[in-house]
Amino acid sequence: MELKEYRRCADVARHHEKAELVLKNANVVNVFTGEILSADVAVSDGKIAGIGTYEGEKEEDLGGKYLCPGFIDSHLHLESTLVTPAELIVQAAKCGTTTFIVDPHESANVAGEAGIGYILEQTEDVPANVYVMMPSCVPATAVDDNGCEFTADRMRPYLGHPRVLGLGEVMDYVSVVGGDARMHEKLGLFEGRTLDGHAPGLSDDDIQAYAMAGIGTDHECIDFEYALKERRCGMTILIREGSAARNLDAIVKGIAERGTGTEGFCFCTDDKHIEDIQRDGHINYNVRKAASLGIPVIHAIQMATINAARCYGLRHLGAIAPGYQADMIVFDDLEKMNVLDVYHRGVKVARNKSGGVRACPEELKHTVRLEHFSRESLRLLKPDGPYHVIRMQEGQIVTKDIVCEIPGKKEFTADREYNKIAVVERHKGTGKTGVAVVSGFNLSGGAVASSVSHDSHNIIVIGDNDADMELAVNELLRTQGGYTVVENGKVYETLALPIMGLMSDAGYENVDKLLKKIIRKAHEMGVPETMEPFITLSFMALPVIPELRITPRGLFNVKEFKLCE
């Protein structure tokens, strides 16, 4: 804090001057002591000047309502919300999330520095704090076909950026624990800052080697026992509750049952659609759900505020205390977490604000570079014996490797039980197409396709017949990206995502409307109701999540970390 600013705030704290704003008669949640204190909160220059009894130039009587620090989303990809960054920030801010720790590796995988620049520029002037973790694995692995290779040298110019906090999720754990020089150059570049992890299903020995490299967080824990192993190594667990991956239930129940301390746990959304945010909320949903599962609500609030602020070195955020930034949420009830008002830097976030669609560079709207696609690329010869099938799991993005007989004579013939899945390279027009068999999606009478396929973001398509799959891929070529559903030889509906094939510029309300429509249709065509079809599909191409994935080069065994023969 600069001296002039300090003097003004200190004068307010010592009752020598009136505050700019005083929130009167609040029940203030103190995240340091776990208390709820009846007090006024004085705000000056966008900071908390004092808690006690104060007078202000402007006063708002909260009448005993609860006042809580603004929530922090510890890890998310703005691109996964499908809307432009400012729109998402504003909608989530209305839910009480005032700080976002963003990893723009989706944009970087498509467009490199131009993609990262887009995220930074779009979040420069929004009613929240938006920080960026520099993408660490672009591409995620050596077998990925993406649009850019982001090396340590290309990261170096960002080190001095005031909103770049550290290194984004390190997915290539094989390179970390194997001591790969290029990976450790990236880790060394951000030494002393937070290094985010991505480490599902590691052995006990590899977890220790991974943590030894300085990686401090992980959002890929799907159960409490695995989270506890990482926590014992000093890692902070970012409990994820997104649209497809929902891990909060399992981890929080374990914390509550074992009486484990919550100081090493935070919340994140990772990948959450705007539709789900509109319906359920954002981090306030995580806090509410955690409290309903047995964690004291004050502990849940600490996980969403001060724990995350400390993890990322944000010393000015996460609490209502002298000198902290005046990011606050007003609740009428801490259990229901109904947000009444939100303040960012002491200014109330307008409830009717949309965020608006900001202009996008034209070159970022032409990134699907695929000259021609035909169903010939979808042929899959039937093996003589059993075949490795990707088994999808409801409520998870991990898969199972199921070895079984598949239908067909000389070629695999898809049906409802055994759908065909394919990934088509779309960045450089190579024509590479990987084809495999998947179960658990249960699609019948058509195909579903997406240009969002983590993290390389090639076109991924799934269906029960080649004709509809071909039509779906060509539809996304026409729209330069998106989500589409094809039924019985006709395009049912497409949500166009022309910004890098990842985001829509049609406005969040239109996105929300179309997304609901195509998700409902996918469920009508057989996809389980408990499975979010598009986000679940998008993760089937990410070769760092167990057990089987599909890439443009073919079927990939994550445990053995090699392409299947």
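Tutor: Gladly! Let's begin with contacts in the protein chain: counting those between residues at least 6 apart in sequence, 68% join residues at least 24 apart. Keep in mind that this is a predicted model.

Student: What does the secondary structure of the protein chain come to?

Tutor: There are 16 helices and 27 strands. Buried residues make up 62% of the 565 residues.

Student: How does the radius of gyration of the protein chain relate to that of a compact globule?

Tutor: For 565 residues, a compact globule would have a radius near 24 Å, and the protein chain has 24 Å, so the two agree. The C-alpha atoms fill a box of roughly 85 × 50 × 45 Å along the principal axes.

Student: How should I read salt bridges?

Tutor: Here is the general idea: side chains of opposite charge can pair when their charged atoms come close. This structure holds 36 salt bridges. One of them joins Asp 145 and Arg 553, with the closest N and O atoms 2.9 Å apart. That pair links distant parts of the chain, 408 residues apart: Asp 145 is in the loop between strand S8 and helix H4, and Arg 553 is in the loop between strands S25 and S26.

Student: Is Asp 145 buried or exposed?

Tutor: Asp 145 is buried, because its relative accessible area is 9% and the cut-off for buried is under 20%. Arg 553, at 39%, is partly exposed.

Student: What about a salt bridge within a helix?

Tutor: An α-helix has 3.6 residues a turn, so residues three or four places apart point the same way. Glu 275 and Arg 279 are 4 residues apart in helix H10, which means about one helical turn separates them. They form a salt bridge, with the closest N and O atoms 3.9 Å apart.

Student: Which residues are buried in helix H8?

Tutor: Phe 224, Tyr 226, Ala 227, Leu 228 and Glu 230 are. Their cover includes strand S11 and helix H9. At the start of H8, a side-chain oxygen of Asp 223 comes to within 3.4 Å of the backbone nitrogen of Glu 225. After H8 comes Gly 234, with a positive phi near 95°.

Terms used
Residues are numbered from 1 along each chain as its sequence is written. This is a predicted model: local features need pLDDT of at least 70, side-chain atom pairs count only at pLDDT 80 or more; totals for chains, interfaces and linings use all residues. Side-chain values use heavy atoms; hydrogens and water are left out. Buried means under 20% relative accessible area, exposed over 50%, partly exposed in between (1.4 Å probe, protein chains only). Helices (H or I, at least four residues) and strands (E, at least two) are DSSP runs, numbered from the N terminus. Contact means heavy atoms within 4.5 Å. A polar contact is a pair of N or O atoms within 3.5 Å; within protein, one must be able to donate a hydrogen and the other to accept it, and residues adjacent in sequence count only if both atoms are side-chain atoms. The radius of gyration is taken over C-alpha atoms; the globule rule is 2.2 Å times the number of residues to the power 0.38. A salt bridge is a side-chain nitrogen of Lys or Arg within 4 Å of a carboxyl oxygen of Asp or Glu.
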